[in-house]
Amino acid sequence: MVESARRRWLLLAVVSAGLLLITLDNSILYAALPTLVEELGASSGQSLWIINAYPVVMAGLLLGSGTLGDRVGHRRMFLTGLVVFGVASLAAALSPTPEALIAARAFLAVGAAAMMPATLALIRVTFADERERNVAIAVWGSLAIVGSALGPIVSGLLLQSFWWGSVFLVNVPVVVVALVATLVLAPGGGADPGKHWDLVSSLLALVALVGLVFAIKETAKATPSPPAAGVALVAAAAGGWAFALRQRRLPDPLLDFAIFRNRAFLAGVLAAGFSMFAVAGLQLITTQRFQLVEGFTPLRAGVLVAAVALGALPTAVAGGATLHRIGLLPIVAGGLALSTVGTVLVLLHFDSSMPLLVTGLLVAGAGLGAAMSVASSAIMGNVPVRRAGMASSVEEVSYEFGSLIAVALLGSLLSAVYSATVRLPPGTPGEARDSLDAALAVAGESADGGGALVAAASEAFDGAYGAVVLVVAGVLAVGTVATGVLLRRHGPGSALSGPAPH
């Protein structure tokens with residue numbers, strides 16, 4: 001019994017290491033982006049796709065990979081994903097052009113999509129005791145935040161001594177160790193060869209997501225193209241409609257929409273999406289702002305946003321440990337409400353008080369940590385074991401979708417507000433209006449250092465930063481209300497599970 005318990009917790013450590021790699025690569029480029037733009041000569045559009053190629057492809061493939069895991073076994077999916085992830089990391093590290101790096105990031109996403117649902121599904125089938133499983137999922141969920149927060153720090157540390165490719169090369173030794181440990185610890189079996197896996201559904205989901213991202217990016221541009229945005233939106237709508245229609249006709253759909261009838265499950269999905277939207281959005285724009293406006297090094301900017309993870313860790317573990325007594329409502333809706341307060345603190349003090357800014361990040365992280373860890377329990381605890389792969393895929397899609405929309409929407413919004421509000425000194429080249437990076441490059445080429453241009457560009461960027469943080473706070477407030485309504489019967493002393501769909 002003791003040996004069995006040890007193996008369970010060792011397996012948790014292994015699959016959590018896999019999740020850490022996946023979430024680390026979601027955020028590892030936030031602090032490295034200015035260096036990448038300079039050394040690879042990437043345009044502003046290419047720089048956003050260098051980041052977005054990873055979550056777009058991953059989110060499009062996640063539903064299919066979860067169901068495929070139910071068919072071939074989650075252990076096999078995890079091992080396959082590790083191998084692909086390791087090879088793709090090497091390709092990314094050696095990319096000679098922005099286009100090659102975007103392709104390598106998409107390949108990384110294939111490995112991540114194979115691994116991610118398997119991590120949570122393995123926990124679901126390994127931890128039979130509900131309280132143990134709640135703690136295990138809370139640890140798993142907290143690492144999603146830790147990985148996101150560690151990304152900028154790891155890249156900052158590596159960039160101090162190595163070239164930009166090291167931010168990908170660091171994955172390889174972790175992949176090797178995780179491969180060996182998984183072969184020893186992960187349970188075999190669990191495959192259901194009779195379960196159908198539908199590649200067409202995965203491709204339709206991918207079309208819908210890529211179209212949506214293109215539409216968001218085009219709409220948020222300073223000078224949008226209505227025809228391009230319209231075509232992308234039509235593609236997104238057509239892909240989504242065709243996907244939903246196909247699921248209703250399949251005997252084994254990638255996504256059974258009936259599982260969303262469970263209010264606790266739906267609240268967990270929304271909480272995961274809202275939380276990752278806030279985490280990704282705050283990290284992306286804050287690391288950019290403090291590097292470009294305040295002159296922080298990538299490492300120092302990464303350490304600053306790590307305050308989110310520092311605040312999240314204790315509440316994530318505490319939430320999972322006390323869920324059976326406190327219930328879902330206070331932890332999920334209360335956590336999102338607390339994160340809203342923290343985000344407002346960031347909005348009010350990002351340019352005036354570093355202690356209050358850090359306090360705001362800590363408070364936001366505390367709320368997000370609680371909500372995210374318990375959201376995982378709400379999702380996995382409200383589906384039958386035979387739907388473990390599907391449920392874990394839905395959760396991962398909600399995480400990736402939140403992160404994806406944050407980067408696509410908030411990154412584009414940041415650029416659009418900057419371009420629309422910057423007041424360039426007379427005679428300044430027009431490219432300085434495209435981004436703060438471009439303005440600083442133009443200023444560096446001028447004889448007098450471009451002091452007036454730097455001041456004007458920094459002021460406009462701060463205005464754009466404030467607008468984006470306000471959007472994040474608004475989204476968190478909406479999430480608080482939505483999950484509060486859905487979980488109104490899941491207060492202290494209530495059962496974790498609601499009526500399960502058939």
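Helix axes are lines fitted to C-alpha atoms, taken for helices over the stretch in contact, and the angle between two of them runs from 0 to 180 degrees between N-to-C directions. The views below are of a predicted model.

**View 1. The crossing of helix α3 with helix α4.** Helix α3, which spans residues 74–93, and helix α4, which spans residues 98–126, have axes that come within 7 Å and cross at roughly 155°. Because angles over 145 degrees count as roughly antiparallel, α3 and α4 are described as roughly antiparallel to each other. The crossing of these two helices is left-handed, and the residues of the contact of α3 with α4 divide into 20 nonpolar, five polar and one charged.

**View 2. The largest nonpolar core.** This core has 144 residues, and those with the most contacts inside it are Leu-29, Met-58, Phe-168 and Tyr-418. Its largest share, 17 residues, comes from helix α10, which covers residues 263–292.

**View 3. The surroundings of Phe-168.** Phe-168, which is among the residues with the most contacts inside the largest nonpolar core, is in contact with Asp-25, Leu-29, Ser-89, Ala-92, Ala-93, Leu-101, Arg-105 and Leu-108, when its neighbours within four places in sequence are left aside. One of these contacts, Leu-29, is likewise listed among the core residues with the most contacts.

**View 4. Ser-201 in helix α8.** Ser-201 lies in helix α8, which runs over residues 199–219. With a relative accessible area of 0%, Ser-201 is buried, and, not counting residues up to four places away in sequence, Ser-201 touches Phe-243, Arg-246, Gln-247, Leu-250 and Leu-254.

How values were computed: Residues are numbered from 1 along each chain as its sequence is written. This is a predicted model: local features need pLDDT of at least 70, side-chain atom pairs count only at pLDDT 80 or more; totals for chains, interfaces and linings use all residues. Side-chain values use heavy atoms; hydrogens and water are left out. Helices (H or I, at least four residues) and strands (E, at least two) are DSSP runs, numbered from the N terminus. Buried means under 20% relative accessible area, exposed over 50%, partly exposed in between (1.4 Å probe, protein chains only). Contact means heavy atoms within 4.5 Å. Angles under 35 degrees count as roughly parallel, over 145 as roughly antiparallel, 65 to 115 as roughly perpendicular and the rest as oblique. A crossing is left-handed if the near helix is turned anticlockwise from the far one by less than a right angle, and right-handed if clockwise. Ala, Val, Leu, Ile, Met, Phe, Trp, Tyr, Cys and Pro count as nonpolar, Asp, Glu, Lys and Arg as charged, and the others, Gly among them, as polar. A nonpolar core is a set of buried Ala, Val, Leu, Ile, Met, Phe, Trp, Tyr and Cys residues joined through side-chain atoms within 4.5 Å.
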